[in-house]
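Student: I have a structure open and would like to go through it piece by piece. Can you take questions as I go?

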Amino acid sequence: MNNAVPSSGSLGRRLLIQLLIVAAILSALLYLAVRAVANQAAVASHDNILGASAAAIAEQLGTDNDGIVIDIPYSAFSMLGAISEDRVFYRIDIDNETATGYEDLPAPADSTNTSKPIFYATQFRDTTVRVAAQTRVIPVNNKPVSVLILVAQTRRAQDTISAKVANTAAALGIGFFLIAGAMSWFATRSTVKPLYAVANAIGRRGAHDLRPLQSPVPSELSPLVKSLNDFIARLRSSLNRTETFMAEAAHHVRTPLATVRTQAEIALRQAETDASRKTLRTVIRAVDESSRSASQLLDHAMISYRSDQLSTEEIDYTALVYEVIRALSATAELKDLAVLSDIEPGVSINGDRVLIEIALHNLLDNAIKYSPFDGTISIEMKRDEQGCLFKISDQGRGLDGNEQSALVQRFQRGENAKDVVGSGLGLTMVEAIAKAHKGTFVLQQNTGPGTCATFSL
Amino acid sequence: MRHFFTLIFLFSTGMVFAFEIEEERTFEVAQSSATLKIISTTDLNYFAPLIDAYQERFPSINVVYTVASSTELFAGIYDEGAQYDVVISSAMDLQVKLVNDGLTQSYQSADTSSMPTWAKWRNHLFAFTQEPAVLVASKQGIGDFPTPQNRQDLISLLRDNPDYFRGKIGTYDIRKSGAGYLFATQDARQSDLFWRLAEVIGSLEPKLYCCSSDMLNALESGEIAFAYNVVGSYASAVLDESSDGFIAPLSDYTHFMLRTALIPRSAPNANLGGGFIDFIVNAQGKALIKEKAGLPPIDGEALSQHQYYRPISLGPGLLVYLDKLKRQYFLDEWSDAMEQ
């Protein structure tokens, strides 16, 4: 019943891992995007100030009799000092010749189109700098003179901003990942939950509950549940057919046999010769045997069918034992048997009533069958440590060396039982019923004559 | 043997370095483990008590204290890579240029971290005094005239009484003095009044001086009535109640020069240099500078006493007036104004 199904991994875990991978990728992208955007913004604002500085110098360019006058305004550099503690370099060229500043500050590769400031990063001495370059053309004595202005600043402030942004971006990314992770976990749980709900709904059912599942399920699960319901329906109809078949089979076999027996008895009474009477007795015996075999076969089928799905209930064991004894008392009387019973009152057990009744009936029937006329059968029923014990002892022919393991085989009968009507199924059934109830069944030779059978549940 | 090598070393450095020093003293200890080399624009008599206090704290360190003018000092470090552990100068612009052009090294400690941000730059340059540029007036020289409260008053006073004050005004020759140039350029940046004042002073046959002490001496001797842009800490040190000279506060603005220290990249013993900077900027250091050196230490509260107190900010703005063209224009203009 509780067989482990081979697992191909957890759906929930697979879903969670995939969601976490997506969250991790998105977090990384967020981190990179925030960094890139913030760095661009930092570079842009830094460039603006550098450009403003170069423009301020360009604004102050003038001319006198000697040519261009370069008068760097204080604000050109102090504005750079106001935003950061970065180092400042500059260079001013008049007609491609450095007039003032740092001569080795690298000029732009192409300075033809620098009427508006252009920006570039370059290595200068021991550090990396960002440079703004702007050209201003000024007429001197009616001749255009081009002035190239370079203003450069180291990038420490920008690096500091970058580091800060990187930290913030990392915190954002990690935060995003944690939130997304938690949400993924909840989402996974709530997604997988209906699956467990269906499994629980089926698992909780009793052995004979074969109704289709009715509770609403998510649309993705409905094909599964539909298949399951179809399967349940097929199972139900198959079981119904089996039960109907067994009942009908018993009816169809027993009824004609009963008719044959009645007719044979009538014929026996009217028989005139010993030979025909003997024949008729043989017929009656054969019919009895067939009838018995048929019902035992059906009983056996019933046991096989029911053992798979015991319908366990609480049974008044004491009453059941008395009932069985009562049912067979007429048969016992036919052989003048004394039935001694020592039965503990008020014992109840959990088990399948139909099956246990069959087992007890078979044991008592066997004892009666194999007892000699005027014999005694003792029945004992009491509670013991394991549960409850039913012991029946007769004074019959005993096991005569036959092993229990052989006697409980289907259709196997003892060598010494040829003259008694029997199908070879009785003990098989008792054993099967004991097993189905996780009990035991033991056959023993009595020290005197006869057999002792112990059926413990 | 060691002395021999030291001698050789001094000799060789003397040959290599062309910059001019004014004075050098070695503060020797009995058992020395290391030598701290300081080059400074500050006179020895201000710093000697500080160095004594330093050696009380660190008794195994020899100190060599070299005095040079701000321009010679700058040239020594900038062009010749002179080997000193600490460079101390009142020429803020030149100090900033040393840092800006990458000739210094960064230093960070608990003591420097607790300094106000306006008193340091890039963790390379550390200010340890704040000294105002003041107008010193002579009681006798000014006579019955009211003491000017601001530069406008001063301009009016001089313009209205040219004959009285002719030849009685002293100020820095900014072509020779770094401090004078710094004060003049900051004045020019601060207000247009500066050029009007320069015009007026120039028209009165002013006397030009190399340094604050000469100006103060001239004032005390009655040679001049006003000394403009004298370093306030020198004035305070020389003048007292009984002096003829007194500081006349100018309430339009008063600039404060910051005396700064840095560790050059070429420092043979940068750790010692850093330790000395800690020694002069921390709380005990400030007290020592006030008591032993008689200089006003960094004090944000003192600067916020008056709206018109303006510390000159450390930063690349100071590089503007070091531009050779800018400097030339400025000096030309100033000379035109002064020598009419």
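This is a predicted model: local features need pLDDT of at least 70, side-chain atom pairs count only at pLDDT 80 or more; totals for chains, interfaces and linings use all residues.

Student: How many bridges join S6(A) to S7, and which way do the strands run?

Tutor: There are 12 bridges between S6(A) and strand S7 (residues 143-154) of chain A, and the two run antiparallel.

Student: What sits between the strands in that hairpin?

Tutor: Two residues lie between S6(A) and S7(A). A:Asn141 in this hairpin has a positive phi near 50 degrees.

Student: And S5, what does that pair with?

Tutor: Strand S5 (residues 118-124) of chain A is joined by seven bridges to strand S6 (residues 127-140) of chain A, again antiparallel. Within that pair, A:Gln123 is opposite A:Thr128.

Student: Which residue in the turn between S5(A) and S6(A) has a positive phi?

Tutor: A:Arg125, at about 50 degrees. S5(A) and S6(A) also make a hairpin with two residues between them.

Student: Changing topic to helices. How do H1 and H3 of chain A cross?

Tutor: The axes of helix H1 (residues 11-59) and helix H3 (residues 156-203) of chain A come within 8 Å, crossing at roughly 160 degrees. Angles over 145 degrees count as roughly antiparallel, and H1(A) and H3(A) are therefore roughly antiparallel to each other.

Student: Is the crossing of H1(A) and H3(A) left-handed or right-handed?

Tutor: The crossing of these two helices is right-handed. As for what lines the contact of H1(A) with H3(A), its residues divide into 27 nonpolar, 11 polar and one charged.

Student: Now the open sheet in chain A. What is the strand order?

Tutor: The five strands come in the order S9-S11-S12-S14-S13, with mixed pairing.

Student: Why is one side of S9 and of S13 left without a neighbour in the sheet?

Tutor: Strand S9 (338-343) and strand S13 (440-445) of chain A are at the edges and have a single partner strand each, so one side of each has no neighbour in the sheet. On average, neighbouring strands here are turned by 10 degrees against each other, direction ignored.

Student: How does S9 of chain A pair with S11?

Tutor: Six bridges join S9(A) to strand S11 (residues 376-383) of chain A, and these strands run parallel. A:Asp342 is opposite A:Glu380 in S11(A).

Student: Which strands do the helices H6 and H7 lie on?

Tutor: Helix H6 (residues 317-334) of chain A lies across S9, S11 and strand S12 (388-393), and runs at about 180 degrees to S9(A). Helix H7 (residues 353-370) of chain A packs on the sheet too, touching S11, S12 and strand S14 (451-456). The direction of H7(A) makes about 20 degrees with that of S12(A).

Student: Next, the contact of chain A with chain B. How many residues does each chain give?

Tutor: Chain A gives 17 residues and chain B gives 15 residues. On the chain A side, helix H2 (74-83) and strand S4 (97-101) are the elements that give two or more residues. H2(A) gives the most, with six residues.

Student: What kinds of residues are on that side of chain A?

Tutor: Eight are nonpolar, four polar and five charged.

Student: Last one: what is in chain B?

Tutor: Chain B has 16 helices and 13 strands. Of its 340 residues, 43% are buried. Among contacts in chain B between residues at least 6 apart in sequence, 81% join residues at least 24 apart.

Technical notes:
Residues are numbered from 1 along each chain as its sequence is written. Chains are lettered from A and ligands numbered from 1 in the order in which they are written. Two strands pair if DSSP finds at least two bridges between them. Helices (H or I, at least four residues) and strands (E, at least two) are DSSP runs, numbered from the N terminus. Two residues are in contact if their C-beta atoms, placed from the backbone, lie within 7 Å. Ala, Val, Leu, Ile, Met, Phe, Trp, Tyr, Cys and Pro count as nonpolar, Asp, Glu, Lys and Arg as charged, and the others, Gly among them, as polar. Axes are lines fitted to C-alpha atoms, for helices over the stretch in contact, and angles run from 0 to 180 degrees between N-to-C directions. A residue is buried if 20 or more other C-beta atoms lie within 10 Å of its own, exposed if 12 or fewer, and partly exposed in between; C-beta atoms are placed from the backbone. Angles under 35 degrees count as roughly parallel, over 145 as roughly antiparallel, 65 to 115 as roughly perpendicular and the rest as oblique. A crossing is left-handed if the near helix is turned anticlockwise from the far one by less than a right angle, and right-handed if clockwise.
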